Amino acid sequence: MTIAPLVRRVVSLPLLWLLAGFLGTTLIRFAPGFAVDERELDARLTADSVASIRQERAHQTNPVAYYLSFTGGLLSGDLGVSRTLGRPVRELLRDRIPVTARLAGWGLLGAWGVALAAALAPVAWPGYGLRTVTSLAGGLILSIPAAVVALIFLHGNWPREAAAAVVLFPRLHNYCSRTIDHVQALPHVLLARAKGARPVSVLLRHILAPALPQLIALAGVSLSMALGVCIPLEVLCDVPGIGQLAWQSAMGRDLPVLVSLTLLTAAVTMTANLAADLTLFALGKRT
Amino acid sequence: MRTRSLCPPPWRNRAGDSLMNSLLHLRISAGYTGRPAVLDGLDLSIERGEILALVGQSGSGKSSLALAALKLLGYKGGWVRGEVWFEGVDLMKLSERDMRCYRGRRISLVLQSPASSLNPWLKLGTQFREAWVAHRPEEASLWRCHAEEALEWVDLPADFLNRRPGQVSLGQAQRVLIAMAILHKPALLIADEPTSALDVITQAGILQLFARLNQQLKTAILYISHDLLSVASLAHRVAILEQGKVVDSGGVDEIFLYPAHPFTRRLIAALPNISWADSLGGLMKGLRVVDSEATMENGPAFAVKDPFAVKDPTVTASRPDLDSTIGIL
Amino acid sequence: MIRQFLLVAALALPVAGEGGGTLRLCLRSEPRSLHPLEAAEESSETVRYLTAGVLVRINRQTQRAEPELARSWKITDGGRRITFQLREGIQFSDGSPFGAQDVVYTFAELASDELRSPAADAFRTAPGRVSAKALSEASVTILLPAPVAGLERLFDAVAILPRAGRSLDRSVLGPFRISQHQPGSFILLERNPHYWKKDSSGRKLPYLDAVRLDIQQNREIEMLRFRRGEIHMINKLDPELFERLAAEEPGSAFNAGPSMEPEQMWFNQANGSPLPEYKRAWFGSRNFRNAISHSIRRQDLARIAFLGRAAAAAGPVSEANQYWFNRQLKPRQHDPKLAKRLLVSDGFRWQGSKLVDRGGHPVQFSIITNSGNKTRAKMAALIQQDLGEIGIDVRITPLDFPSLIERISRTFQYDACLLGLVNVDLDPNGQMNVWLSSSGNHQWNPNQKSPATAWEAEIDHLMRSQAATLDPERRKKHFDKVQRIVWEQEPFLYLVYKNALAAAAPSLRNFKPVAMFPQGFWNADQIVVSSTVAQSRR
Amino acid sequence: MSLAQRIAWLLIAVIVTAAALASWIVPASYDRQFRDEIQAPPSKAHPLGTDELGRDRLSRLLHGTQVSLLLAPAAAFLATLLAALAGTLAGWRGGWLDHALESVCDLTMSLPWMFLLLTVRAALPLDVAPMTSVAITFFLLGALGWAGPARVVRAGARALRDSDYMLMARAQGYRGWRLPVWHLLPGLRPVLTAQFWTSVPLFILAEANLSLLGLGVVEPMPSWGGLLKEMESLPAIGRNPWILAPAVVLLMTLASLYVLMGAKEEEA
């Protein structure tokens with residue numbers, strides 16, 4: 001890989017990011033129920049009040065105008081005010097990002113640990129049917145709804161991070177195990193074993209290291225996966241994080257929050273993928 | 001970390017074992033789960049200091065045999081049953097941990113594809129070091145010295161240790177692999193089609209190298225190939241593998257000039273006709289063994305034990321025009 | 001055993017010097033606003049109920065207005081003016097005195113144009129402003145632009161604020177004040193040390209040291225936490241969870257009888273709806289609506305969807321509303337013969353087993369309902385089969401709430417809607433906007449310029465007249481009539497009233513759940529969490 | 001064929017046959033409510049008991065299997081196909097096209113698609129036939145689920161593009177679109193099959209979640225996703241373990257497919 005495309009990507013990233021925000025705004029704006037507020041159904045309110053509640057959302061109906069003013073505010077660090085929670089979006093994010101980061105971070109760490117272990121185990125101890133066991137376990141967990149996993153962990157009073165790890169594990173395991181199987185079939189692994197190299201060394205140096213590029217690419221994708229998993233987990237377990245906020249705002253069509261979250265997701269996704277590519281580039285240069 | 005002393009001295013004979021006299025005696029069946037056996041009651045032995053060529057069609061189980069001897073077939077999703085006697089020990093009964101003491105130390109392996117047999121992520125030096133430390137952890141610091149010595153054996157300069165696999169040519173890579181294989185001066189070197197990926201000139205160099213190792217280090221070599229020409233020039237003995245069994249075996253001359261088994265005959269007949277057989281004979285004759293270091297360097301490309309240290313006169317008689325062929329060569 | 005113990009415990013109060021413990025329960029959503037005048041939905045209203053002092057409190061058990069911060073009141077000027085005599089010697093939680101100026105300030109705030117909340121709107125019955133005037137330090141008079149029947153009840157929702165310049169968070173008059181708020185996670189209320197009420201033995205209320213409100217949406221988890229002893233009380237328990245609890249811990253399951261919240265279904269009769277003419281004709285026909293109503297097995301809805309924890313409904317007011325319930329109306333019975341007769345009289349007929357209308361259009365319509373509500377989904381499926389039996393093809397479409405609201409209030413692209421209504425006000429005036437044909441909350445045909453039908457015109461008239469008179473008897477008569485018209489015409493098909501179900505830990509004393517908001521903790525100032533029992537549970 | 005494979009084939013055959021013959025082998029239609037037998041335990045009349053509305057669970061399971069077995073793989077196939085096309089194109093052509101597709105992937109992975117699904121629901125008439133609405137759901141899921149896999153495919157295509165056998169193909173005179181289609185795609189088969197099988201259960205579950213938005217399978221039609229959602233009331237499972245039947249069937253199906261797929265790969 002040459003450096004030119006990477007440079008181009010880094011340069012175009014902010015534009016792409018802004019585009020993501022705009023597309024998000026448009027999607028949300030044209031979703032049904034955008035302009036409604038649950039309070040409208042409250043029969044205790046007078047017609048004037050309902051009219052004024054309706055009015056509140058009127059200025060957000062033109063997506064272009066709204067997005068322009070939003071990005072204008074963005075420059076000064078102002079993300080607007082949540083229309084369902086009535087608090088500045090910046091405050092909401094500040095409170096909630098660390099919560100989700102912890103959940104997703106530990107979840108990813110755990111999931112990666114288990115997925116790698118499950119992918120490496122059949123390689124280290126071939127012939128015990130471990131591969132069947134791990135892929136069945138992966139399949140089993142994959143077919144349990146994330147909500148059910150969350151509930152199981154709640155019933156057991158086990159940490160939510162572990163639930164995140166369990167939900168993420170099968171999604172990572174499949175790729176991990178495929179990549180590692182692929183690498184372990186390469187002659188150099190066989191030769192390393194024939195040299196009498198210690199199993200740990202075989203696993204780390206001869207299998208894991210060459211599999212690194214694919215694993216890093218997956219790591220980039222896994223970050224956005226983790227964000228996706230956080231939504232059901234946080235909603236069910238009532239973790240006051242980004243995922244819960246996303247769900248609540250989606251239900252309330254809370255445009256300022258949702259656009260901010262779209263931008264946040266886009267930033268995470270894009271930087272993760274870019275970081276993966278940059279790492280690959282750096283590694284590629286070494287070999 | 002385990003120390004070496006925990007490994008049983010593998011070369012100690014166990015008295016009373018009929019199979020202990022051979023360096024390696026295989027009596028195995030092997031295969032891959034869910035498919036018919038690849039090796040089926042195979043019986044093969046190799047003596048100390050001998051070069052045994054194993055010949056067979058592709059798919060006849062040659063490579064499986066190489067892996068089975070090292071008990072590595074499991075890593076390829078295969079199984080082995082039977083006995084693998086090496087220096088009086090049945091390797092099949094050893095634990096994976098004990099087995100590791102043999103791999104690379106007493107039995108080494110060289111594979112067909114030098115390019116992919118080296119871990120592209122590690123410097124050659126690192127890979128040498130690993131090979132050394134795996135068996136001599138107590139002398140870890142001496143790895144460089146031994147690696148350089150091994151490289152010298154294969155005519156490569158010491159600065160190769162600083163290179164990465166991507167920075168060496170195919171032939172050089174194969175030499176590196178061989179150097180790594182002889183690092184511990186093993187009793188047996190299994191070479192699974194080591195030259196098939198190389199050009200003719202490089203091939204010749206590698207074969208020459210094998211011959212020299214055999215002679216000077218007294219390393220027995222199990223040379224697996226379907227390249228009859230190289231087999232003829234290198235091996236002392238040939239075993240023919242067909243459908244998982246050794247169907248024919250004997251000295252090189254016996255097999256090539258008087259193939260007995262129908263399959264062997266077919267194999268030989270498949271060689272490009274008379275001219276091929278002629279050149280084969282010529283080759284065998286011409287490349288008389290050159291023993292001295294001097295000839296190694298200046299002499300012909302092949303260094304082979306003379307297959308024509310003949311007992312049977314008919315052999316020469318039936319090939320009257322051999323001398324002229326030598327001229328051509 | 002537990003039950004017996006509870007009976008004893010109910011009488012037991014904390015020994016002097018011993019705290020009443022921390023009551024823990026769950027809110028089902030983050031409160032939209034903690035400003036007591038802005039409270040509009042259940043979570044905010046819960047916080048308001050627990051923290052705010054009001055002039056008049058509706059006793060949740062007797063459903064009568066009782067003096068609270070006001071010692072007494074007098075309504076004059078034909079219902080336009082109310083004059084309160086305030087209790088004296090009351091302090092805010094920060095120790096500052098409460099007086100007439102605080103009430104005046106509160107009503108000045110309430111009259112602010114920006115404020116859009118049910119509490120404020122209740123006073124905006126006519127153009128003009130509410131004005132409050134202090135007559136003395138302990139007496140206030142409040143003048144409304146127009147007479148309001150049952151005026152005193154409105155003050156149950158008006159939290160008295162401390163006069164300008166004092167912290168809203170710290171100065172409250174209710175039994176508790178907010179001590180910690182972790183958005184999205186919990187609200188911790190602590191005991192108001194200056195709360196004015198005392199129990200009969202002269203001990204200061206509330207008994208509880210604190211109330212912790214955890215924000216918890218998921219009902220299963222709420223139940224789980226209850227079983228673990230992490231929370232002490234669940235209000236509005238789902239029938240399924242109630243059954244489970246009743247089976248396993250009968251002493252913890254409480255059924256306060258039918259609630260005030262009906263489940264109802266209505267057909268789209270909106271003027272601006274894009275429905276085809278023939279569908280308008282069906283939905284506009286009383287016979288059609290009655291026929292549908294007679295085809296639904298309300299008993300099955302109660303028995304299956306609510307596991308028996310509901311009662312068939314006849315009208316907009318449930319028997320839980322002691323005064324306004326119209327006892328003469330009975331829920332419509334499942335009567336397919338009558339239903340068929342009604343349909344035939346409207347020109348419907350059967351082709352095979354399928355019902356078609358006069359023009360040959362097969363009778364098929366969709367029912368929209370909000371998604372994610374299991375009980376309602378079950379009701380919909382039951383209705384689907386019931387109507388299938390008389391040859392009507394019903395499609396069920398669950399929609400997320402905003403989409404649903406958009407359809408029923410903006411685009412009118414729907415046939416029928418199944419929804420539950422929250423009724424917090426006992427008084428019919430609270431339902432005014434539902435019944436006036438000109439109102440936006442007149443769901444089946446909102447915002448009419450003039451009443452579309454004679455019976456809607458009559459409802460309009462009756463509702464206005466009941467609001468115009470102060471005589472409770474006459475009001476009751478008018479509203480009974482409204483209920484009868486609604487029963488006859490069925491613009492809303494009332495289906496069931498679910499029971500007010502609750503769970504309470506054995507460690508709770510003085511727990512007396514009612515059907516009316518806030519069900520389990522209406523007497524929060526008297527509830528005690530017994531630490532001994534709580535420990536033994538753990 | 002190994003024993004595991006035989007068992008796998010057998011299981012698949014049984015499940016598919018049972019689903020196909022659902023209407024004949026079950027005691028009652030999937031939407032028939034036996035209102036006097038609610039939440040009944042398994043019996044002769046109802047081998048898997050009845051659900052909360054008194055509907056026969058076995059019947060719902062088999063009909064749900066029909067729906068899910070038909071549509072989830074279809075959606076997975078669509079997603080994989082799109083991923084294959086985009087990934088191959090990007091990996092093959094490289095340059096600006098690669099760059100553009102990379103960006104589109106990034107965008108696709110970070111946009112709130114839920115709102116598109118809601119908008120589609122709003123655009124559809126309310127009384128579309130249940131099957132149509134399910135099919136649309138799966139179609140949308142398939143159409144939106146390509147971005148992640150596309151990245152993986154792209155990486156694979158990249159590697160293959162520079163491989164020897166592509167060179168061979170070029171040497172044989174293949175050119176234009178034939179090259180990627182006939183030579184690259186087959187080379188990517190392992191990646192694509194892996195992708196396909198991983199996404200099948202994910203689509204099944206996604207459908208269940210979409211029911212929440214009114215876009216999934218609607219009453220009274222059953223689907224695996226909807227049946228799996230019943231597992232959400234965990235304590236109920238303790239008393240009625242047969243609620244787990246759909247999960248077991250899904251797991252058996254997946255396990256069998258894994259076994260068969262694994263065997264296929266070994267052969268390849």
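Colleague: Where is A:V11 found?
Modeller: A:V11 sits in helix α1 of chain A, residues 3-29. Helices are DSSP runs of H or I, at least four residues, numbered from the N terminus. This is a predicted model, where local features need pLDDT of at least 70, side-chain atom pairs count only at pLDDT 80 or more, and totals for chains, interfaces and linings use all residues. Residues are numbered from 1 along each chain as its sequence is written, and chains are lettered from A in the order in which they are written.

Colleague: Is A:V11 buried or exposed?
Modeller: Its relative accessibility is 59%, so A:V11 counts as exposed (over 50% relative accessible area, 1.4 Å probe, protein chains only).

Colleague: New topic. How many residues of chain A are in contact with chain D?
Modeller: On chain A, 45 residues touch 38 residues of chain D. Contact means heavy atoms within 4.5 Å.

Colleague: What area is buried between chain A and chain D?
Modeller: About 3700 Å², with 74% from carbon and sulfur atoms. That is accessible area (1.4 Å probe) lost on being put together, summed over both parts. In chain A, A:L27, A:L142 and A:R178 lose the most area to chain D.

Colleague: How many salt bridges are there between chain A and chain D?
Modeller: The count is 0. A salt bridge needs a side-chain nitrogen of Lys or Arg within 4 Å of a carboxyl oxygen of Asp or Glu.

Colleague: Which element gives the most to that side of chain A?
Modeller: α1(A), with 11 residues.

Methods. Heavy atoms only, no water. Helix = DSSP H or I, 4+ residues; strand = E, 2+ residues; numbered from the N terminus. Buried < 20%, exposed > 50% of the residue type's maximum accessible area, 1.4 Å probe, protein only. Buried area = accessible area lost by both parts, 1.4 Å probe.
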